[in-house]
Amino acid sequence: MSTSQSIFVNALKDPITKEEAFRRLVSEYKERLYWHIRKLVLDHDDANDVIQNTFIKIYLNIDGFKENSALFTWMYRIATNEALNFINSKASKMGLQNQDWIEAKADRLMADSYFDGDEAAHLLQKVVARLPEKQRIVFNMKYFDGMTYEAIAEIVDTSVGALKASYHHAVKKIKTELNDKF
Amino acid sequence: MTNFNRKNYFRVPKGYFEKLEKRLIRNSKSSSNKLDFNVPSGYFDTLEEAVVRKARLLTPPKTQERKATALYYFAGIAASLTLVFNLIQYQQNQVIEIEDQALNDYIESYYMDNLDSYEMLSMMEDAEIELLSDFSNKP
């Protein structure tokens, strides 16, 4: 890992500098992590809950971060897990499967005051919501965030080959669904 | 019809169109993200404050503060011990003998006369107050 990252991580672990370093961390990564989470949970209020929990988890667990991966990768992984746990918890409280819960969210997007997309954007979100969970995550990271397979592989702890297969399955399904609609 | 493209005198840097395509796709993706999803005005500023505030609540007192607090405790204990020791020494040198019962009576009468019921209650244990209320409820 880079020296600058190590210095920053040490500052995050040191009780004297922890708060200031954490403030810098939040300032630097809040938007990127927020948008990643938002694409998974779709709703702003839900994304707000998840991003706050994510940063608190990062704060509480930074001492256990061994720098086997980049700091951002580690944080992305926490954010992804938090978003999935959130969906799981919300869905189970309503007696729904995760997939049904997220599809319902996607269906209601046009009524969301913080969604500015047109019909085509809404349709794309609805189709993406119908993907199996793993494919949906991979598709979001690859298509919307433009991340490399290598980076995604580190975050979701899967081989690049498996990811590529997953992404291409997702793209194929989306194309088929969109073609059927038009 | 004249083919204007037959001879092209203009050139572009090597790999330009591949890079251009990637750049255009990247830009369109990032702009479409921002167009599709939105957040309340000033949200990211308030988010930062909210997160830092929550984290602060989870932070134990700083090590240095803890060390300083411990130092004050020890200094306090040392001072108390010195005071007690000096008092004992002083008392041993006194020849005045005061009868315990007389002293207690004096203190009790002096303080009880000047205390209101809330102040008295504040000095009592819960069980004592409970007992007191049992007596007062009896006809």
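Let's start in a loop. A:Leu42 sits in the loop between H2 and H3 of chain A. One caution before going on: this is a predicted model.

Why pick A:Leu42? Look at the backbone. Its phi is near 75°, a positive value, and A:Leu42 is not a glycine. Is A:Leu42 buried or exposed? Buried: 23 other C-beta atoms lie within 10 Å of A:Leu42, and the cut-off for buried is 20 or more.

A:Glu67 has 13 other C-beta atoms within 10 Å, so it counts as partly exposed.

Now the chain as a whole. Chain A has nine helices and zero strands. Along the sequence that reads α-α-α-α-α-α-α-α-α. Of the 182 residues in chain A, 28% are buried. Take the contacts in chain A with a separation of 6 or more: 58% of them join residues 24 or more positions apart.

Next, the core. The largest nonpolar core has 42 residues. Which residues have the most contacts inside it? They are A:Leu33, A:Ile37, A:Val41, A:Ile51, A:Met75, A:Ala83 and A:Val138. H2(A) gives the largest share of this core, ten residues.

Stay with A:Ile37 for a moment. Leave aside residues up to four places away in sequence. A:Ile37 then touches A:Ala47, A:Val50, A:Ile51, A:Thr54, A:Ala79 and A:Ala83. Two of those names, A:Val50 and A:Thr54, come back on H3(A) in the next contact. A:Ala79 and A:Ala83 come back on H4(A).

That next contact is H3(A) with H4(A). The two axes come within 9 Å and cross at roughly 135°. The helices are therefore oblique to each other. The crossing is right-handed. On the H3(A) side we have A:Asp46, A:Asp49, A:Val50, A:Asn53, A:Thr54, A:Lys57 and A:Ile58. On the H4(A) side we have A:Met75, A:Ile78, A:Ala79, A:Glu82, A:Ala83 and A:Phe86. By class, that is seven nonpolar, two polar and four charged residues.

Now out to the partner chain. How many residues does each chain bring to the contact? Chain A brings 25 and chain B brings 21. On chain A, helix H2 (18-41) and helix H3 (44-61) each supply at least two residues of the side that touches chain B. H2(A) supplies the largest share, nine residues. The chain A side divides into 14 nonpolar, five polar and six charged residues.

H3(A) has a helix partner across the contact. H3(A) packs against helix H2 of chain B, residues 43-57, at an angle of about 40°, with the axes 10 Å apart. That angle makes H3(A) oblique to H2(B). This crossing is right-handed too. From H3(A) come A:Ile51, A:Gln52, A:Phe55, A:Ile56 and A:Tyr59. From H2(B) come B:Leu47, B:Ala50, B:Val51, B:Lys54 and B:Ala55. The tally is eight nonpolar, one polar and one charged.

Definitions and conventions: Residues are numbered from 1 along each chain as its sequence is written. Chains are lettered from A and ligands numbered from 1 in the order in which they are written. This is a predicted model: local features need pLDDT of at least 70, side-chain atom pairs count only at pLDDT 80 or more; totals for chains, interfaces and linings use all residues. Two residues are in contact if their C-beta atoms, placed from the backbone, lie within 7 Å. Helices (H or I, at least four residues) and strands (E, at least two) are DSSP runs, numbered from the N terminus. Ala, Val, Leu, Ile, Met, Phe, Trp, Tyr, Cys and Pro count as nonpolar, Asp, Glu, Lys and Arg as charged, and the others, Gly among them, as polar. Axes are lines fitted to C-alpha atoms, for helices over the stretch in contact, and angles run from 0 to 180 degrees between N-to-C directions. Angles under 35 degrees count as roughly parallel, over 145 as roughly antiparallel, 65 to 115 as roughly perpendicular and the rest as oblique. A crossing is left-handed if the near helix is turned anticlockwise from the far one by less than a right angle, and right-handed if clockwise. A residue is buried if 20 or more other C-beta atoms lie within 10 Å of its own, exposed if 12 or fewer, and partly exposed in between; C-beta atoms are placed from the backbone. A nonpolar core is a set of buried Ala, Val, Leu, Ile, Met, Phe, Trp, Tyr and Cys residues joined through C-beta atoms within 7 Å.
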